[in-house]
Amino acid sequence: LLNRQSDELPTVTVYKSPTCGCCAKWVDHMKANGFEVNVTDMPDVTPMKTRFGLPVALASCHTAVIDGYVVEGHVPADVVKKMLNEKPDITGIAVPGMPIGSPGMEVEGRPAQQYDILAFTKDGKYSVYESR
């Protein structure tokens, strides 16, 4: 969706547990889609979620920041690009929990679950941004 070259994509900063394999797979997914990713491993990501204004109900295993937006959990790279292209007036987007089939959560032999990517605002309201 972005017409810019991949070297013009903003850098993604990811805060995650050093032991979380699915978070590392999501980082790989973002890199494979042209993003440069800086990873900060931390034993507890909760303070970052609070700092960035993530509603508790939308929490997942890792939190990322890109171009001023918060990206929580296993959000597909194309949806991140869509958000960066559209520049909606939101705090960020999130995939709550860890749905099977979302980027980094693929499980061989298991069909992908349907899930929503939710947009949220600093006042804690959220709505469906896109569904998969």
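Strands β3 (residues 63-66) and β4 (residues 69-73) pair in the antiparallel sense over four bridges, where pairing requires that DSSP find at least two bridges between two strands. Within this pair, Ala64 stands opposite Val71 of β4. The model is predicted: local features need pLDDT of at least 70, side-chain atom pairs count only at pLDDT 80 or more, and totals for chains, interfaces and linings use all residues. Residues are numbered from 1 along each chain as its sequence is written, and side-chain values use heavy atoms, with hydrogens and water left out.

**Sheet**

- Seven strands make up an open sheet of mixed pairing, ordered β2-β1-β3-β4-β5-β6-β7; helices (H or I, at least four residues) and strands (E, at least two) are DSSP runs numbered from the N terminus.
- Because β2 (37-41) and β7 (126-131) each have a single partner strand, they stand at the edges, and one side of each is left without a neighbour in the sheet.
- From one strand to the next, the twist averages 25°; angles run from 0 to 180 degrees between N-to-C directions, with axes fitted as lines to C-alpha atoms, for helices over the stretch in contact.

**Helices on the sheet**

- Helix α1 (residues 21-32) lies across β1 (12-16), β2, β3 and β4, and runs at about 175° to β1.
- Helix α3 (residues 77-86) packs on the sheet and touches β3, β4, β5 (92-95), β6 (116-120) and β7, contact meaning heavy atoms within 4.5 Å.
- The direction of α3 makes about 120° with that of β7.

**Burial of α3**

- Helix α3 is mostly covered, with seven of its 10 residues buried; buried means under 20% relative accessible area, exposed over 50%, and partly exposed in between (1.4 Å probe, protein chains only).
- The buried residues of α3 are Ala77, Val79, Val80, Lys81, Lys82, Met83 and Leu84.
- The elements covering these buried residues include α1, β3, β4, β5, β6 and β7.

**Loop residues with positive phi**

- Asp67 is found in the loop between β3 and β4, and its phi is near 50°, a positive value in a residue other than glycine.
- Asp67 counts as partly exposed because its relative accessibility is 42%.
- Although Lys87 is not a glycine, its phi is positive, at about 50°.
- With a relative accessible area of 49%, Lys87 is partly exposed.
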